[in-house]
Amino acid sequence: MPPPSPPSPPVRLIRLIMAKGNLSFSFALVFFVFLHSLISFRAGKASLCEFSVTHQNTLYNYSLASPSSKFPHGVLSEDGFYKVEMNGTVLWFQLCSNMIFNHDQPACFGCQDCGSPSRCGITCSALVSNNIGGYDVCSAVGKASNSHISLIDENEPKKGVSVKMVSSGAKSNCSLSVAIFCDSSVVRVPASFNLSGDCNYATELTHPSGCAMSIAVGGNGLGWFGTLLLIVICVLGGYILVGTVYRFFFLGIHSIEAIPNLEFWISLPERIKGLFGSLMRRFGGHGGGSRAAYAPIN
């Protein structure tokens, strides 16, 4: 019997600190690890559906899975899959995720690279069924983990985006390209598809989630001074936040005194005012002396 695998580093760290007896810090650490794992999972899933591009000083952000009041799952089908039938061939697919079949599950032979015949379609994002010799044979043509998003028209980002999913099989590489056209008020589900080569499929749909949020970014961005100023502000903010948390939880300082170097921050406005006053007096006095030296002589 093989030895059990060792626990992951976060689990070992939690066990070590909890063994020290500091329960408050232990619970805080457990909560932090849980929150970090949840955020990482959601970010990884969302990144499959997000795309940004800059065109003529405008930033276009596409978030295909972002929920809205009418579409809680974004462009993803609420049924768990889209289905298109054409000339005896059936295409199932889901965008940015694997398919989910609560009904109308594919019943076919093979189901290569997309589950077993009894659970066909649950381990890929695109599946096609072809009738071969009187039998429906299914094979995967796309996986969300191997997808790429691009603009439908490089010169017109407002048209929408195209999602291409690829499935690498033992014999060939198949793909499905889905063009998602932007329309803020109309939804059109796929009604047909095109086939090029042996197993490269393409279809299209219209959905509000295919529309981008645009932001004017300007030609030069922040520049080096703006970037430096932003870094300094972030460092100072992080220093104050970490110092305050440490003094509050570990040193037991529960008043405004928990802010590190409080006297310095209180006196900072006066220091800045005094510095500007000194500079104004220095340059103002120098300017006045110069004007006096060139005064007209009676």
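User: Which residue of β7 is the bridge partner of N130?
Analyst: The model is predicted. Strand β6 covers residues 126-132 and is joined to β7 by seven bridges, the two strands running antiparallel. In one of the pairings with β7, N130 has as its bridge partner V137.

User: Which residue takes a positive phi in the hairpin of β6 and β7?
Analyst: The hairpin of β6 and β7 has two residues between the strands. A positive phi, near 65°, is taken there by G133.

User: In which sense, parallel or antiparallel, do β5 and β7 run?
Analyst: Strand β5 spans residues 109-112 and strand β7 spans residues 135-151. G110 has C138 of β7 as its bridge partner. Three bridges join β5 to β7, and the sense in which they run is parallel.

User: How many bridges pair β7 with β8?
Analyst: Strand β8 takes up residues 160-168, and its pairing with β7 is antiparallel. S150 has S162 in β8 as its bridge partner. For the pairing of β7 and β8, the number of bridges is six.

User: What separation do the C-alpha atoms of T54 and S214 have?
Analyst: T54 lies in strand β1, residues 50-55. Along the chain, T54 and S214 are 160 residues apart. Their C-alpha atoms are separated by 9.3 Å.

User: Which residues is T54 in contact with, leaving aside its neighbours within four places in sequence?
Analyst: Contact here means heavy atoms within 4.5 Å. With the neighbours within four places in sequence left aside, the contacts of T54 are L59 and V217.

Key: Residues are numbered from 1 along each chain as its sequence is written. This is a predicted model: local features need pLDDT of at least 70, side-chain atom pairs count only at pLDDT 80 or more; totals for chains, interfaces and linings use all residues. Side-chain values use heavy atoms; hydrogens and water are left out. Two strands pair if DSSP finds at least two bridges between them. Helices (H or I, at least four residues) and strands (E, at least two) are DSSP runs, numbered from the N terminus.
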